[in-house]
Amino acid sequence: MMENRDHVSGKAARLPVLHYDVTFIPNPMRHGITNDEALSDFVSARNRLVYILAPTVTIGPSGNAFIATLPDGDSFIDFESGPNVYSIYLSEDLLSLDRYLYVEFVSATAVNSNVFDKFVEAIEALDGWAISIGGMRDGYVIVFSDRICVRGKPFASANTLSEVVQIVASNLHPI
């Protein structure tokens, strides 16, 4: 049975929906972190999101991240095995130093207000992080702890979380 997407009542529902027409929304909370700090912060932030979302949806392609060190002292991110089938793709890469965790919904049934509440819960305790949601036709969403930013034609009239959820669910681009 599909969730009634019109019923929203959590923290995310109280956030303002802001419209942007730029292709990149910079994170004002970047704080000039270094690459080493970014790697450590990314692992912590990603693992928190995995932990918070795990009871609600299946996340893939991998599980928790950890920093591994090579014999020469170089560090890299490694991952626990994840499920073969998942409803949210969570990137294994730190795509920029802007403190964004990049996700894509694999299934429209995973798109609901509860997941957006979990996004907010995960990033509230993380200094300056946001959830960047891609994988949509002509649209993009970034969830900060204090606002939801949208871009693209499908979101032109979206002013509430309920509307954002409906638009995301109906505009997914297959992975």
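This is a predicted model: local features need pLDDT of at least 70, side-chain atom pairs count only at pLDDT 80 or more; totals for chains, interfaces and linings use all residues.

Residues are numbered from 1 along each chain as its sequence is written, and side-chain values use heavy atoms, with hydrogens and water left out.

**Confidence.** pLDDT is the predictor's confidence in each residue, from 0 to 100. The protein chain averages 83. At least 70 is reached by 83% of its residues. Helices (H or I, at least four residues) and strands (E, at least two) are DSSP runs, numbered from the N terminus.

| Element | Residues | Mean pLDDT |
|---|---|---|
| Strand S4 (lowest) | residues 75-81 | pLDDT 79 |
| Helix H3 (highest) | residues 161-170 | pLDDT 96 |

Residues 1-6 have a pLDDT below 50. Beyond near neighbours in sequence, this stretch makes 13 contacts (heavy atoms within 4.5 Å) in the model.

**Build.** The protein chain has 3 helices and 9 strands. Their order is β-α-β-β-β-β-β-α-β-β-β-α. Among contacts between residues at least 6 apart in sequence, 64% join residues at least 24 apart.

**Strands S3 and S4.** Strands pair if DSSP finds at least two bridges between them. S3 (residues 62-69) and S4 run antiparallel, joined by 6 bridges. Phe66 has Asp78 in S4 as its bridge partner. The hairpin has 5 residues between the strands. There, Gly73 takes a positive phi near 95 degrees.
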